[in-house]
Amino acid sequence: MQNNYLLLVGKGRPVPTGLEPMLVDVFGIELERGAAYMLERMFEKARADGVELKALSGYRTKEYQKEIFDRSVRQRTEQGLSYEQAYEITSKNVAMPGESEHNTGLAVDIVTPQDFDVYEEFENTEQFRWLSANASDYGFILRYPKGKTDITGYVYEPWHYRYVGPYDARRIDNLDVTLEEYLGAV
Ligand SMILES: [Zn+2]
């Protein structure tokens with residue numbers, strides 16, 4: 001199955017069976033071919049504007065997503081939470097295996113060259129400001145905006161960008177809506 005750039009994947013909306021994105025290597029991560037091509041163009045333009053971007057995480061297998069999820073639950077139980085509490089908090093912050101956009105090859109976490117993890121204060125960096133102004137021209141949208149948790153099911157993630165293609169990215173940007181709202185899937 002080919003990638004549909006408007007594919008909606010999230011809580012209760014797992015990656016469709018048989019989706020096998022055509023992956024290529026780009027900046028040390030793997031992304032779907034079309035998304036990777038545009039990520040390269042975007043990073044080049046950012047550099048020309050004096051802003052260095054770093055791709056921290058791209059495509060993940062379902063198995064790896066499960067590892068991340070289980071690790072997060074384990075860390076929270078080690079901090080004293082019950083399994084149920086740990087599971088509930090983790091599910092608000094980490095996607096279930098098969099329900100992460102990273103399983104599609106269309107999502108990329110972007111940070112500064114100095115960063116080795118994602119963090120909310122990324123919103124205060126010049127990298128974030130540059131992305132806010134330019135990402136949609138390259139087909140990427142900020143997927144989990146501030147104040148939209150009720151709609152997206154995810155906390156604010158200033159680092160998580162989703163490729164939808166330039167035409168739809170610009171429209172989504174101009175309408176100031178989430179992908180769910182754009183697709184009428186709320
Ligand atoms: Zn992400």
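1. Start with His102, which sits in the loop between helix 3 (83-93) and strand 4. Helices here are DSSP runs of H or I with at least four residues, strands are runs of E with at least two, and both are numbered from the N terminus. Residue numbers start from 1 along each chain as its sequence is written. Keep in mind that this is a predicted model: local features need pLDDT of at least 70, side-chain atom pairs count only at pLDDT 80 or more, and totals for chains, interfaces and linings use all residues.

2. Is His102 buried or exposed? His102 counts as buried because it has 26 C-beta neighbours inside 10 Å. (Buried means 20 or more other C-beta atoms within 10 Å of the residue's own, exposed means 12 or fewer, and partly exposed is in between; C-beta atoms are placed from the backbone.)

3. Who does His102 touch? Leaving aside neighbours within four places in sequence, His102 is in contact with Ser57, Gly58, Tyr59, Arg60, Gln65 and Ala107; contact means C-beta atoms, placed from the backbone, within 7 Å. Val186 is another story: it is 84 residues from His102 along the chain, and their C-alpha atoms are 21 Å apart.

4. Now follow Ala107 into the strands. Ala107 stands opposite Arg162 in strand 6, and strand 4 (residues 107-111) pairs with strand 6 in the antiparallel sense over three bridges. Strand 5 (residues 140-142) also pairs with strand 6, again antiparallel and over three bridges, with Phe140 partnering Tyr163. To count as a pair, two strands need at least two bridges found by DSSP.

5. Have a look at strand 6 (residues 160-163) itself. His160 and Arg162 point one way, Tyr161 and Tyr163 point the other way, and all are buried.

6. Just after helix 2, Gly80 takes a positive phi of about 110°.

7. Finally, zoom out. The chain has seven helices and six strands. Its radius of gyration is 16 Å, close to the 16 Å from the globule rule for 186 residues, so the chain is as compact as a globular protein of that length. (That radius is taken over C-alpha atoms, and the rule is 2.2 Å times the number of residues to the power 0.38.) Of the 186 residues, 33% count as buried.

Note on methods
Two residues are in contact if their C-beta atoms, placed from the backbone, lie within 7 Å.
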